[in-house]
Amino acid sequence: MFRYILRRLLQMVLAFFGTTLIVYALMFAGQGDPIQALAGERPVTEAQRAYLTEKYHLDATGVGGFFYRYFDYVKSLLQGDLGQSLTGRQIGDILQAAWPVTVKLALIALAVAIIFGVTAGVVAGIRRASIFDNSTLVLTLLVLGIPTIVLAPLAQYFLGVKWQLFPPTAGSEPTFYALLLPGIVLGSLSLATALRLTRTSVAENLRADYVRTARSKGLVKRRIVTVHVLRNSLIPVVTFLGVELGNLMSGAIITEGVFNIPGVGFNLFRGIRTEDGPLVVGIVSVLVVVYLVSNLVVDVLYAVLDPRIRYE
Amino acid sequence: MTHSTVQPTPASATPEGGHLLELRDLHVEFRTNEGVARVINGVSYHLDAGETLAVLGESGSGKSVTAQAIMGILDTPPAVIRSGQILYQGQDLLTRSEEQRRQVRGKEIAMIFQDALSALNPVFPVGWQIGETLRQRSGMSRGDARRRAIELMDLVKIPGAAKRIGDYPHQFSGGMRQRVMIAMALALDPKVLIADEPTTALDVTVQAQIMDLLADLRRDLNMAMILITHDLGVVAGVADRIAVMYAGRIIEHADVRSLYKAPAHPYTKGLLESIPRMDVRGQELSTIKGLPPNLMRIPSGCPFHPRCPYVQQVCVDVVPHDLVLGDGRTSACHFAQEVRDDSVR
């Protein structure tokens with residue numbers, strides 16, 4: 001188990017450098033004049049230009065110069081300094097404000113997926129080909145078929161504006177209630193996938209040989225399902241939900257955009273739109289770490305749940 | 001904790017004149033989208049306390065389905081028990097409630113399966129799985145169940161049982177896994193043990209060890225055993241009687257000795273002749289021509305007639321009844337006498 005985690009940690013280091021390098025390259029390698037981009041429309045004086053060139057090591061050119069600046073960036077990143085956005089704000093501060101909102105939204109979405117998706121999936125798996133099973137199949141296909149960019153405005157219009165059950169937008173300091181509708185919209189995709197996955201897994205495990213053994217031991221049906229079948233069925237579901245939490249934590253660009261939620265995805269989208277290189281790279285770097293950590297947690301969890309993985 | 005590992009079945013467990021377990025004219029079919037497969041077509045056999053009955057047949061002959069019907073673990077649907085009786089200690093299990101049948105499972109009649117790797121739950125330690133039966137069925141405490149699980153693992157000769165109790169099924173070898181399976185089945189001191197191809201998934205040397213273990217345990221614990229197999233070689237040393245199944249029927253039923261000596265059904269005869277013999281050199285291996293019947297379209301008359309070397313018009317037209325040949329032998333063949341006289345060896 002220790003070696004397993006150690007190996008995963010080493011892989012994480014590689015993945016971290018790989019992804020940040022690519023994002024950094026995509027954002028800056030093709031840029032014409034970064035100083036002009038920083039200044040925007042305003043003219044740049046010679047003194048300013050010299051100062052910025054010195055500060056950002058822009059005098060080094062070509063591939064060598066790129067790597068020079070990249071390592072500069074990683075060095076300050078490892079010291080916890082994400083740098084400044086082009087608007088002059090500390091990226092660390094921006095994230096500090098945005099993150100709690102996104103985490104709240106992600107947790108609501110995940111809770112929706114677990115409470116409704118997994119539960120309905122278990123029931124559908126046990127009652128295969130029942131009315132319940134078939135109607136969840138249709139509903140989940142519908143949800144999976146509608147892109148968020150359609151679903152979110154629809155939900156906002158009907159539930160938020162027309163019937164006024166929820167606030168249509170969240171605003172700068174969103175309450176739990178204001179995040180509920182976006183959370184449900186965001187979670188509906190995870191919900192549908194979790195439901196299908198759970199249903200298939202439960203149905204498959206109900207037919208497994210060990211279930212026949214459990215029955216021949218004379219166990220009551222409830223125990224067979226809740227102990228033997230569920231324990232096995234939930235292994236892939238937990239894995240999926242773990243990865244999904246990583247996805248959700250990295251912000252939902254569309255949902256946060258539609259409902260005007262000042263989370264991570266919202267800021268990332270603004271960074272991309274305003275060509276704010278440092279902001280985009282800063283956010284993505286942190287997202288990479290979040291994603292890698294959540295994947296590590298999933299892998300460890302997987303090994304805990306499935307003893308066959310543990311000893312390989 | 002004074003769980004004796006040897007618990008002789010009192011003779012009174014079997015009602016006067018009756019058998020411990022008796023199947024009467026059992027019919028089972030599987031209703032699928034493709035049609036109705038008639039899997040069991042009137043199976044009758046019986047088992048007395050302390051004896052071993054071997055049920056022999058190819059895959060698809062209905063031998064495992066019969067066993068699962070006895071246990072009450074058939075998947076319904078698609079399986080439907082059309083008619084028949086399964087009498088245990090004189091009472092028909094098929095008329096009992098599901099709860100009453102559950103009480104019988106494991107405690108009265110226990111079962112072990114072919115592939116112990118898939119038959120054991122992969123995510124629980126073996127000791128936990130053996131102990132689960134004791135905790136759930138006998139209300140034993142965790143500690144007691146654990147101690148008893150170690151005893152049972154010792155009983156089936158798993159080396160270092162106390163150390164291996166926390167191991168998972170995949171950490172055992174095939175033979176050891178099957179022993180775990182057996183230990184689990186023995187947990188509640190059942191009177192009948194059904195072993196469904198217990199050695200099919202194992203190496204030949206390990207097969208012999210498991211068969212010896214089963215024979216020893218059956219004797220020491222005074223259980224009755226139904227041994228389901230397709231391997232005539234496995235049967236010889238262990239069984240008292242043999243029931244040969246074909247297309248969901250018992251086509252021949254005899255004690256082991258006379259069946260090996262002179263099979264009275266062409267199918268059994270074919271099976272025996274298809275065993276390669278070590279004492280005859282350069283002999284071509286004989287086989288039974290043709291394929292087992294499709295259970296959705298079982299041939300008319302005797303189901304074996306398309307493959308039978310003795311076939312006559314009567315075999316195509318008339319379903320043969322069980323012909324009693326003396327010594328409790330029966331054969332469902334129109335020419336049973338003839339076949340037997342032919343095959344004395």
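Predicted model: local features only at pLDDT ≥ 70, side-chain atom pairs only at ≥ 80, totals over all residues.
1. Setting aside neighbours within four places in sequence, B:Met181 is in contact with B:Ile112, B:Phe113, B:Ala116, B:Ala119 and B:Leu120.

2. The largest nonpolar core. B:Met181 also stands out here: along with B:Ala183, B:Val192, B:Ile194 and B:Ile226, it touches the most other members. The core holds 163 residues. Its top contributor is in chain A: helix α5, residues 91-126, gives 15 residues. In soluble globular proteins, nonpolar side chains tend to be buried together.

3. The chain A–chain B interface. Chain B puts 22 residues in contact with 18 residues of chain A. On the chain B side, four elements each supply at least two residues: α2 (98-104), β6 (109-112), α3 (116-119) and α4 (126-138). The largest share is three residues, and it comes from α4(B).

4. Make-up of that side. The chain B residues that touch chain A divide by class into ten nonpolar, seven polar and five charged.

5. A:Arg42. This residue sits in a loop of chain A, between α2 (34-39) and α3 (46-55).

6. Sequence against space. How far apart are A:Arg42 and A:Phe17? In sequence, the separation is 25 residues. In space, A:Arg42 and A:Phe17 are 35 Å apart, C-alpha to C-alpha.

Notes
Residues numbered from 1 in each chain as written. Chains lettered and ligands numbered in written order. Core = buried A, V, L, I, M, F, W, Y, C linked by C-beta atoms within 7 Å. Buried ≥ 20, exposed ≤ 12 C-beta atoms within 10 Å, placed from the backbone. Contact = placed C-beta atoms within 7 Å. Nonpolar A, V, L, I, M, F, W, Y, C, P; charged D, E, K, R; others polar.
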